[in-house]
Amino acid sequence: RFRSQLMAMVRSLALALLTFCPGAASMGLVSSRKNLPLGATGMNLSFAAVGTSRIRFTISLDKLTWIGFGLNLANETSMDGDGTGSDIVTCADGKIERHWVTEDNITRGSLDGLFEASCMHVNGVTTMTFQRALAANGKEQIEVMPGMKQMVIFAHGEPGATVVVEHHHEEDDQGGLLLDFADSGLAAPAPAKVAVHANAAAPTSAASAAAVLSALCLSVSASTVGA
C-alpha cells in the first residue's frame, strides 16, 4: 500500500513539474529512427520530427490484424498507465482511432489531434501512420517528452482479427518499453527507485510546494544546459 501511495505522489509531482515548468518536456529535439523492434511482438516502430512541434509515427506488423500503440506516465508496463490513463491510437479494419484508456473506461475512438493518419492491411502487412503534436491537448492526452524516457505500450490481435476484440494477450502480442524520443535509447521497463528519507519535511502549503517545483525546474534547466 505504501509503495502505491509513493508512486501516486511521484506521478503527481511529475505532472506538476510539466505544468509548472514551461518547456520542461521539450528538453531535447526529436530524433529519427526506423524499424525499431517493439519487444517480441513482431511490431516495428519508426518515428521522426515534423517541424518543431509534431512527430510522425509509423507502426508496422507482418500480419493482417489490429494493432495499437500508445503512451502513458507509468514507469512499468501497464495498459492503463498504472491507473493514470493511457493515450492509445489503434489501427483496425482500415480505420485509425485515438482512445483514452483507464482501468474503468475507454473513450469512444476519434481522430482528435491526429494528422495525415492512415491504417492499411495490405499484402499480409498492417501499417499505421499518423502525426501528432508533441504537446498534449487536454487531460486525456499524453505529451511526447524528448529528452526524457517515457513508457510506450503496444499490442496486436490474432492473425486475421482486423477488428479489435477482447482476447487473452500473450507475452508476444503486447508489451511496453521506456523510450527517449530524443536519442532513441531503450531500456527494459522497471519500477522507479525513489530514495525516501524519514526526516524529510513535506511541503505544507501551496507556496512551499511551488518552491520545491521551482527548484526542480532549476535542476532541469541546469542539466539541460550542461548536456
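Guide: Start with strand β8, residues 125–133. Seven of its nine residues are buried, so the strand counts as mostly covered. Keep in mind that this is a predicted model.

Now the pairing. Strand β3, residues 54–61, runs antiparallel to β8 over eight bridges. One of the bridge partners is Ala133 in β8, which pairs with Arg54. β7 also pairs with β8 in the antiparallel sense, here over seven bridges. In that pairing, Phe115 has Gln131 of β8 as its bridge partner.

β7 and β8 form a hairpin. Two residues lie between the strands. Asn123 sits in the turn and has a positive phi of about 50°.

Arg54 and Phe115 come up again through their side chains. The charged end of Arg54 sits over the Phe115 ring, 3.6 Å from the ring centre.

Next, the aromatic rings. The structure holds four aromatic pairs. In one of them, Phe57 and Phe69 have ring centres 5.2 Å apart. Their planes meet at 50°, so this pair is tilted. Phe57 belongs to strand β3 and Phe69 to strand β4, residues 67–72. The two are twelve residues apart, and the pair links distant parts of the chain. Both Phe57 and Phe69 are buried.

Phe57 also pairs with Phe130, with ring centres 5.4 Å apart. The planes are at 45°, so this pair is tilted too. Here the link leads back to β8: Phe57 lies in β3 and Phe130 in β8, so the pair ties together parts that are 73 residues apart in sequence. Phe57 has a relative accessible area of 1%. For Phe130 the value is 2%. Under 20% counts as buried, so Phe57 is buried and so is Phe130. Ring pairs join Phe57 and Phe130 with Phe47, Phe69 and Phe181 into a cluster.

Cys91 and Cys119 form it, with their sulfur atoms 2.0 Å apart. The torsion about the S-S bond is about 75°, so the disulfide is right-handed. Cys91 is in strand β5, residues 86–92, and Cys119 is in strand β7, residues 114–122. They are 28 residues apart, and the pair links distant parts of the chain. Cys91 is buried, with a relative accessible area of 0%. Cys119 is buried as well, at 10%.

How values were computed:
Residues are numbered from 1 along each chain as its sequence is written. This is a predicted model: local features need pLDDT of at least 70, side-chain atom pairs count only at pLDDT 80 or more; totals for chains, interfaces and linings use all residues. Side-chain values use heavy atoms; hydrogens and water are left out. A disulfide is a pair of cysteine sulfur atoms within 2.5 Å. Helices (H or I, at least four residues) and strands (E, at least two) are DSSP runs, numbered from the N terminus. Buried means under 20% relative accessible area, exposed over 50%, partly exposed in between (1.4 Å probe, protein chains only). Two strands pair if DSSP finds at least two bridges between them. Rings of Phe, Tyr and Trp (its six-membered ring) pair if their centres lie within 6.5 Å; planes under 30 degrees apart count as stacked, over 60 as edge-to-face and the rest as tilted. A charge sits over a ring if NZ of Lys or CZ of Arg is within 6 Å of the ring centre and within 35 degrees of the ring normal.
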